Amino acid sequence: MALPIAVLVSGGGSNLQSLIDRMESGTLDAEIKIVISNKPDAHGLTRARNHGIPALALDHTDYPSREAFDRAMVRAIQESGAQSVVLAGFMRILTSEFLNAFPGNVLNIHPALLPSFPGAHGQRDAAEYGVRIAGCTVHFVDEKMDHGPVIIQAAVPAVPGEETDALAARILKLEHRIYPQAVQWLAQDRLRMDGRHVQLRPAHSAPVPQPENALVSPPLEQGF
Ligand code: GAR
């Protein structure tokens, strides 16, 4: 059975799109039951509707507290039938009450090699720091921002003098590969958390060519 998931977005939703595309092509064994945005005008909601996926705007400014907002999201997610939650550019920290509703089942993607450069501007902060290797991370979510156990990371060289937007675009391309892959591992029930360490149960499949000019660990599998 396909893993029923909810996707939370705050913006453009290109990562959401990468998940939809892999589901529609049959490589990602998941089904998006609902897309929720805390920004009513997020393009991610339109992307969902374009693919017949229920899309809900819950404006966090309409709620008296973080707890009340998270409770409304939990209710909507549970009513949708989703069991796992995928944060795709969702720019809010979740309460423990939210996380306790989906234990071990909330994933996030961040455009930097955590624990470096958490926050809202991972790529820009890395570029300004002058790193020579940048990248992105998919991790389980805990109460701290961009912090939980790491599932997969992809690294790319940072070119001195390159515009931040160009670096961000190269990182985003890899985000669109590692996120569907990580969600597929979750759907296949191949991830185990052991403290900060995430064990990936090996697949009995042949190695596949990896993206050029990038290092992905664990390596991407067939179809990703
Ligand atoms: C992505 O780059 C994602 O990694 C980042 O927001 C962008 C959303 O783009 N998330 C964070 O910075 C989380 N701290 P998208 O809406 O096109 O998927």
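Analyst: One term to begin with: buried area is the accessible area (1.4 Å probe) that two parts lose on being put together, summed over both. This is a predicted model, where local features need pLDDT of at least 70, side-chain atom pairs count only at pLDDT 80 or more, and totals for chains, interfaces and linings use all residues. Residues are numbered from 1 along each chain as its sequence is written, and side-chain values use heavy atoms, with hydrogens and water left out.

User: What area is buried between domain 1 and domain 2?
Analyst: About 1,200 Å². Carbon and sulfur atoms give 63% of that area.

User: Where do the domains run?
Analyst: Domain 1 covers 1–103. Domain 2 is made of 111–137 + 152–224. These bounds come from an automatic or database domain assignment.

User: How many residues of each are in contact?
Analyst: 16 residues of domain 1 are in contact with 13 residues of domain 2. Contact means heavy atoms within 4.5 Å. The domain centres, taken over C-alpha atoms, are separated by 21 Å.

User: Switching to strands. Which strands pair with S4?
Analyst: Strand S1 (residues 3–9) pairs with S4 in the parallel sense, over 4 bridges. Strand S5 (residues 106–110) also pairs with S4 in the parallel sense, over 3 bridges. Two strands pair if DSSP finds at least two bridges between them. Helices (H or I, at least four residues) and strands (E, at least two) are DSSP runs, numbered from the N terminus.

User: Which residues face each other there?
Analyst: Isoleucine 5 stands opposite serine 84 in S4. Leucine 87 has asparagine 108 in S5 as its bridge partner.

User: Which way do the S4 residues point?
Analyst: S4 spans residues 84–87. Ser84 and Val86 point one way, Val85 and Leu87 the other way. All are buried, meaning under 20% relative accessible area, with exposed over 50% and partly exposed in between (1.4 Å probe, protein chains only). In a regular strand the side chains alternate between the two faces of the sheet.

User: What handedness does the unit of S4, H4 and S5 have?
Analyst: S4, helix H4 (residues 96–101) and S5 make a right-handed β-α-β unit. Right-handed means that, with the strands pointing away from the viewer, the path from the first strand over the helix to the second runs clockwise.

User: What about H1? Which of its residues are buried?
Analyst: Helix H1 (residues 14–24) has Asn15, Leu16, Gln17, Ser18, Leu19, Ile20 and Met23 buried. Their cover includes S1, strand S2 (30–37), helix H2 (43–50), S4, S5 and H6. Just after H1, glycine 26 takes a positive phi of about 90°.

User: New topic. Which residue does UniProt list for "active site"?
Analyst: His110, in an unreviewed UniProt entry. UniProt positions are given in the numbering used here, feature names are shortened, and annotations may be inferred rather than shown by experiment.

User: Is histidine 110 buried or exposed?
Analyst: Histidine 110 counts as buried because its relative accessibility is 2%. This residue lies in strand S5. Leaving aside neighbours within four places in sequence, its contacts are Phe117, Pro118, Gly119, Gly122, Cys136, Thr137 and Asp146.

User: Which peptide bonds are cis?
Analyst: The bond from leucine 114 to proline 115 is cis, with omega near 15°. Proline 115 sits in the loop between S5 and helix H5 (122–129). The bond from serine 217 to proline 218 is cis too, with omega near -5°. Proline 218 is in the segment after S10.

User: And S7, what pairs with that strand?
Analyst: Strand S6 (residues 133–140) pairs with S7 in the antiparallel sense over 7 bridges. Histidine 139 stands opposite valine 150 in S7. S7 and strand S10 (residues 215–217) run antiparallel, joined by 3 bridges. Alanine 155 stands opposite leucine 215 in S10.
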